Amino acid sequence: MSSSLQQQDLVIFNDNSVFSEKLFQDYNSSTLITHVQGTSDSWLITGLIENLLVGSCYINNKTTGSLSTGSSYNIRSNPRSNVIFGSFMNNAQFYNKNLVKFMKMDITNTARNNCFKFVDLMDYTINNHTESVSEIFKPIHEQIKLLKSNSSHNNDTHKKINIIIEAPEILLQVKEDASAIDLIRELHLLQKLGNVILSISSD
(Lines give C-alpha, C1' and ligand atoms only; values in the text may rest on other atoms or scores of the structure.)
Protein backbone atom coordinates (compact mmCIF):
# COMPACT_ATOMS: atom_id res chain seq x y z
CA MET A 1 0.00 0.00 0.00
CA SER A 2 1.59 3.25 -1.11
CA SER A 3 1.34 6.47 0.85
CA SER A 4 -0.61 9.39 -0.61
CA LEU A 5 1.44 11.87 1.40
CA GLN A 6 3.59 14.16 -0.71
CA GLN A 7 7.32 13.87 -0.02
CA GLN A 8 8.81 17.21 0.93
CA ASP A 9 12.47 18.08 0.57
CA LEU A 10 14.36 19.48 3.54
CA VAL A 11 15.15 23.13 2.75
CA ILE A 12 16.50 25.49 5.40
CA PHE A 13 17.98 28.42 3.48
CA ASN A 14 16.30 30.58 0.86
CA ASP A 15 18.73 29.40 -1.82
CA ASN A 16 16.99 26.00 -1.56
CA SER A 17 19.92 24.43 0.27
CA VAL A 18 20.16 22.53 3.53
CA PHE A 19 23.35 24.36 4.50
CA SER A 20 24.12 27.36 2.33
CA GLU A 21 27.56 27.73 0.75
CA LYS A 22 27.66 31.18 2.37
CA LEU A 23 28.21 29.43 5.71
CA PHE A 24 31.49 28.01 4.40
CA GLN A 25 33.07 31.42 3.89
CA ASP A 26 35.58 33.18 6.17
CA TYR A 27 33.23 34.14 9.00
CA ASN A 28 31.77 31.67 11.50
CA SER A 29 28.06 31.30 12.23
CA SER A 30 25.77 29.95 14.95
CA THR A 31 22.67 27.88 14.17
CA LEU A 32 20.06 26.92 16.77
CA ILE A 33 17.80 23.89 16.34
CA THR A 34 15.02 23.49 18.91
CA HIS A 35 12.61 20.64 19.60
CA VAL A 36 9.98 20.00 22.24
CA GLN A 37 10.50 17.54 25.05
CA GLY A 38 9.49 14.01 24.13
CA THR A 39 10.54 14.38 20.49
CA SER A 40 13.89 13.72 18.85
CA ASP A 41 15.66 15.59 16.09
CA SER A 42 18.17 12.80 15.48
CA TRP A 43 16.73 12.34 11.96
CA LEU A 44 17.53 15.99 11.24
CA ILE A 45 21.02 15.82 12.73
CA THR A 46 21.77 12.77 10.56
CA GLY A 47 20.72 14.72 7.46
CA LEU A 48 22.76 17.76 8.51
CA ILE A 49 25.88 15.66 9.06
CA GLU A 50 25.51 14.18 5.58
CA ASN A 51 24.99 17.61 4.03
CA LEU A 52 27.97 19.14 5.82
CA LEU A 53 30.22 16.27 4.73
CA VAL A 54 29.16 15.57 1.15
CA GLY A 55 26.56 18.20 0.18
CA SER A 56 23.61 15.84 -0.16
CA CYS A 57 20.81 14.90 2.25
CA TYR A 58 19.12 11.50 2.51
CA ILE A 59 15.76 13.16 3.20
CA ASN A 60 15.85 14.77 -0.24
CA ASN A 61 16.89 11.66 -2.17
CA LYS A 62 14.23 9.73 -4.07
CA THR A 63 16.19 6.49 -3.64
CA THR A 64 16.76 5.68 0.03
CA GLY A 65 20.42 5.45 0.88
CA SER A 66 21.74 7.04 -2.31
CA LEU A 67 23.89 10.14 -2.32
CA SER A 68 23.31 13.06 -4.62
CA THR A 69 24.78 12.28 -8.04
CA GLY A 70 25.48 15.96 -8.58
CA SER A 71 27.73 16.25 -5.56
CA SER A 72 31.46 16.53 -6.18
CA TYR A 73 32.27 15.87 -2.53
CA ASN A 74 33.59 12.62 -1.12
CA ILE A 75 34.01 11.56 2.51
CA ARG A 76 37.35 9.89 1.93
CA SER A 77 39.16 12.33 -0.37
CA ASN A 78 37.18 15.56 -0.74
CA PRO A 79 34.70 16.34 2.07
CA ARG A 80 32.64 19.51 1.90
CA SER A 81 33.78 20.40 5.42
CA ASN A 82 35.11 18.88 8.61
CA VAL A 83 32.50 17.97 11.24
CA ILE A 84 32.77 17.45 14.99
CA PHE A 85 29.64 16.13 16.71
CA GLY A 86 29.52 16.29 20.49
CA SER A 87 26.46 14.92 22.27
CA PHE A 88 25.35 15.21 25.89
CA MET A 89 22.43 12.86 25.14
CA ASN A 90 23.35 9.98 22.81
CA ASN A 91 26.41 7.85 22.17
CA ALA A 92 28.04 6.95 18.86
CA GLN A 93 26.10 3.68 18.50
CA PHE A 94 22.82 5.62 18.55
CA TYR A 95 23.71 7.51 15.36
CA ASN A 96 25.91 4.88 13.77
CA LYS A 97 23.05 2.80 12.35
CA ASN A 98 21.67 5.63 10.20
CA LEU A 99 25.07 6.98 9.18
CA VAL A 100 26.14 3.53 8.03
CA LYS A 101 22.84 3.10 6.18
CA PHE A 102 22.81 6.45 4.39
CA MET A 103 26.50 7.30 4.11
CA LYS A 104 28.35 3.99 4.53
CA MET A 105 30.24 5.72 7.36
CA ASP A 106 30.98 3.79 10.56
CA ILE A 107 31.62 6.52 13.15
CA THR A 108 32.79 3.92 15.67
CA ASN A 109 35.83 3.36 13.42
CA THR A 110 37.66 6.54 14.39
CA ALA A 111 40.82 5.68 12.47
CA ARG A 112 39.04 5.96 9.09
CA ASN A 113 37.09 9.15 9.77
CA ASN A 114 39.56 11.92 8.97
CA CYS A 115 36.83 14.52 8.38
CA PHE A 116 34.33 13.52 11.09
CA LYS A 117 34.77 13.07 14.83
CA PHE A 118 32.16 12.06 17.42
CA VAL A 119 32.62 13.00 21.08
CA ASP A 120 30.50 11.39 23.81
CA LEU A 121 30.22 14.42 26.08
CA MET A 122 27.74 12.78 28.46
CA ASP A 123 30.09 9.89 29.23
CA TYR A 124 32.98 12.32 29.61
CA THR A 125 30.93 14.54 31.95
CA ILE A 126 29.90 11.62 34.17
CA ASN A 127 33.48 10.37 34.42
CA ASN A 128 34.82 13.89 35.05
CA HIS A 129 31.94 15.45 37.00
CA THR A 130 34.28 17.33 39.35
CA GLU A 131 35.99 19.12 36.48
CA SER A 132 35.16 22.65 35.29
CA VAL A 133 32.88 23.35 32.34
CA SER A 134 35.89 24.33 30.24
CA GLU A 135 37.46 20.96 31.03
CA ILE A 136 34.28 19.17 29.89
CA PHE A 137 34.65 20.81 26.47
CA LYS A 138 38.35 19.94 26.25
CA PRO A 139 37.73 16.79 24.10
CA ILE A 140 36.01 19.00 21.50
CA HIS A 141 39.05 21.28 21.32
CA GLU A 142 41.33 18.25 21.05
CA GLN A 143 39.35 16.94 18.08
CA ILE A 144 39.46 20.37 16.42
CA LYS A 145 43.25 20.31 16.69
CA LEU A 146 43.30 16.80 15.24
CA LEU A 147 41.12 17.76 12.27
CA LYS A 148 43.26 20.83 11.60
CA SER A 149 46.37 18.66 11.75
CA ASN A 150 44.85 16.20 9.26
CA SER A 151 43.86 19.07 6.95
CA SER A 152 47.36 20.55 7.15
CA HIS A 153 48.91 17.16 6.38
CA ASN A 154 46.66 16.85 3.31
CA ASN A 155 47.29 20.47 2.23
CA ASP A 156 43.59 21.18 2.71
CA THR A 157 43.57 23.89 5.37
CA HIS A 158 40.71 25.86 3.79
CA LYS A 159 38.03 23.37 4.87
CA LYS A 160 35.56 24.85 7.33
CA ILE A 161 35.06 23.11 10.69
CA ASN A 162 31.41 22.64 11.71
CA ILE A 163 30.77 21.83 15.37
CA ILE A 164 27.44 20.22 16.30
CA ILE A 165 26.57 20.13 20.01
CA GLU A 166 23.51 18.10 21.01
CA ALA A 167 21.63 18.90 24.23
CA PRO A 168 24.18 21.23 25.91
CA GLU A 169 21.48 22.21 28.41
CA ILE A 170 21.86 18.77 30.01
CA LEU A 171 25.26 19.85 31.28
CA LEU A 172 23.55 22.39 33.55
CA GLN A 173 21.44 19.62 35.07
CA VAL A 174 24.29 17.14 35.53
CA LYS A 175 26.81 19.60 36.98
CA GLU A 176 25.29 21.56 39.87
CA ASP A 177 28.17 24.05 39.86
CA ALA A 178 27.83 24.79 36.13
CA SER A 179 26.20 28.07 35.18
CA ALA A 180 24.58 29.27 31.96
CA ILE A 181 27.35 31.89 31.71
CA ASP A 182 29.98 29.13 31.81
CA LEU A 183 28.21 27.24 29.03
CA ILE A 184 27.74 30.32 26.84
CA ARG A 185 31.40 31.21 27.27
CA GLU A 186 32.51 27.78 26.03
CA LEU A 187 30.13 27.88 23.05
CA HIS A 188 31.46 31.34 22.17
CA LEU A 189 35.01 29.99 22.21
CA LEU A 190 33.96 27.21 19.85
CA GLN A 191 32.41 29.71 17.45
CA LYS A 192 35.80 31.37 17.10
CA LEU A 193 37.06 28.08 15.69
CA GLY A 194 34.20 27.18 13.33
CA ASN A 195 30.46 27.16 12.68
CA VAL A 196 28.47 26.06 15.75
CA ILE A 197 25.17 24.18 15.43
CA LEU A 198 23.23 23.68 18.67
CA SER A 199 20.39 21.20 19.15
CA ILE A 200 18.43 21.94 22.33
CA SER A 201 15.05 21.29 23.91
CA SER A 202 12.79 24.35 23.88
CA ASP A 203 10.91 23.24 27.03
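Tutor: Two strands pair if DSSP finds at least two bridges between them. Strands (E, at least two residues) and helices (H or I, at least four) are DSSP runs, numbered from the N terminus. The model is predicted, so local features need pLDDT of at least 70 and side-chain atom pairs pLDDT 80 or more, while totals for chains, interfaces and linings use all residues. Residues are numbered from 1 along each chain as its sequence is written, and side-chain values use heavy atoms, leaving out hydrogens and water.

Student: In which sense do strands E2 and E3 pair?

Tutor: E2 covers residues 82–87, and E3 covers residues 116–120. Serine 87 has aspartate 120 in E3 as its bridge partner. Five bridges join E2 and E3, and the sense is parallel.

Student: How many residues of E3 are buried?

Tutor: Buried means under 20% relative accessible area, exposed over 50%, and partly exposed in between (1.4 Å probe, protein chains only). E3 is largely enclosed by the rest of the structure, because the buried residues among its five number four.

Student: Is cysteine 115 buried or exposed?

Tutor: The relative accessibility of cysteine 115 is 4%. Therefore cysteine 115 counts as buried.

Student: How many disulfides does the structure hold?

Tutor: A disulfide is a pair of cysteine sulfur atoms within 2.5 Å. The number of disulfides in the structure is zero.

Student: At what angle do helices H1 and H2 pack?

Tutor: H1 spans residues 42–54 and H2 spans residues 92–103. Contact means heavy atoms within 4.5 Å, and residues of H1 including Ile45 and Leu53 meet residues of H2 including Phe94 and Leu99. The axes, lines fitted to C-alpha atoms over the stretch in contact, with angles from 0 to 180 degrees between N-to-C directions, lie 10 Å apart, and the angle is about 50°.
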